[in-house]
Amino acid sequence: MTDIEKYQSELDKLIAEDATAIFGNYTQDHAVCIFRTFIRNAKHSILLLTGDFAQGIFLMPDIRSALLSAIQRGVTLRVISLNPGTQEEMERFRTLIVPSSAGSYDYVIGRVREGVTVHHYLVVDGKAYRYEAPHQEMHPMQVHAEVCCNGVEGASVLARRFESLWLRLHV
């Protein structure tokens, strides 16, 4: 079994147990496992604050498929992307959604003032979260994030931050 298969196996176990343990994400491959697994297990909502919804992980076919499937199942997906160049891609993603989907998708584009650092994060169903340390550029072997499958308190803090940003940007 490879290291990434072991990581995925442990993640699946933590999800199945609804574990409150906090664990790490240290590589791009870990991030892919987390996004794919959390999104596939989403039942109600996905909140995503990302640097760029138009590149990297979010263009991977299995991540896109998981997001679209979640919306079809009735999950609400809201995205704040901090790259204004992503508007076209975010609208293109909307065209992939099946019209009869039970869930919904909405997004806003935010901008970050120079010198301000931003943590990217994912919150699923108000309890699962991935909270990434700020970084200037993506280095696949240098991703650092805190992850929890059932961290209601941590997820709640991140969800409140998301809602505050959403309201300020969604005018």
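**Close-up 1. The cysteines: the disulfide count here is 0.** A disulfide would need a pair of cysteine sulfur atoms within 2.5 Å. Cys33 is in none, as its nearest cysteine sulfur, that of Cys149, sits 12 Å away. Cys33 is also buried, at a relative accessible area of 3%. (Buried is under 20% relative accessible area, exposed over 50%, and partly exposed in between, using a 1.4 Å probe and protein chains only.) For Cys148, the nearest cysteine sulfur is again that of Cys149, at 6.4 Å, and Cys148 is in no disulfide. Cys148 counts as buried too, with 2% relative accessibility.

A word on the model: it's a predicted one, with local features needing pLDDT of at least 70 and side-chain atom pairs counting only at pLDDT 80 or more, while totals for chains, interfaces and linings use all residues. Residues are numbered from 1 along each chain as its sequence is written, and side-chain values use heavy atoms, with hydrogens and water left out.

**Close-up 2. The sheet: 7 strands form an open sheet with mixed pairing.** The order reads E1-E7-E6-E5-E2-E3-E4. Strands (E, at least two residues) and helices (H or I, at least four) are DSSP runs numbered from the N terminus, and two strands pair if DSSP finds at least two bridges between them. At the edges are E1 (22–25) and E4, each pairing on one side only. On average, neighbouring strands are turned by 15° against each other, direction ignored, going by axes fitted to C-alpha atoms, with angles from 0 to 180 degrees between N-to-C directions. E3 and E4 run parallel over 6 bridges, and Leu77 stands opposite Tyr105 in E4.

**Close-up 3. Strand E5 (residues 121–124) has buried residues pointing both ways.** Tyr121 and Val123 point one way, Leu122 and Val124 the other. E5 is joined to E2 (residues 45–50) by 4 bridges, antiparallel, with Tyr121 as the bridge partner of Leu49. Another 4 bridges join E5 to E6 (residues 128–132), also antiparallel, and here Leu122 partners Arg130. E5 and E6 make a hairpin with 3 residues between them, and Asp125 in the turn has a positive phi of about 55°.

**Close-up 4. Helix H4 (residues 87–96) buries Glu89, Met90 and Phe93.** These three lie on the same side of H4 because they cover an arc of only 100° around the axis, taken from the directions from the helix axis to the C-beta atoms. Glu88 and Thr95, on the other side, are exposed. The cover over the buried residues includes helix H3 (61–73), strand E3 (76–81) and strand E4 (104–109), where contact means heavy atoms within 4.5 Å.
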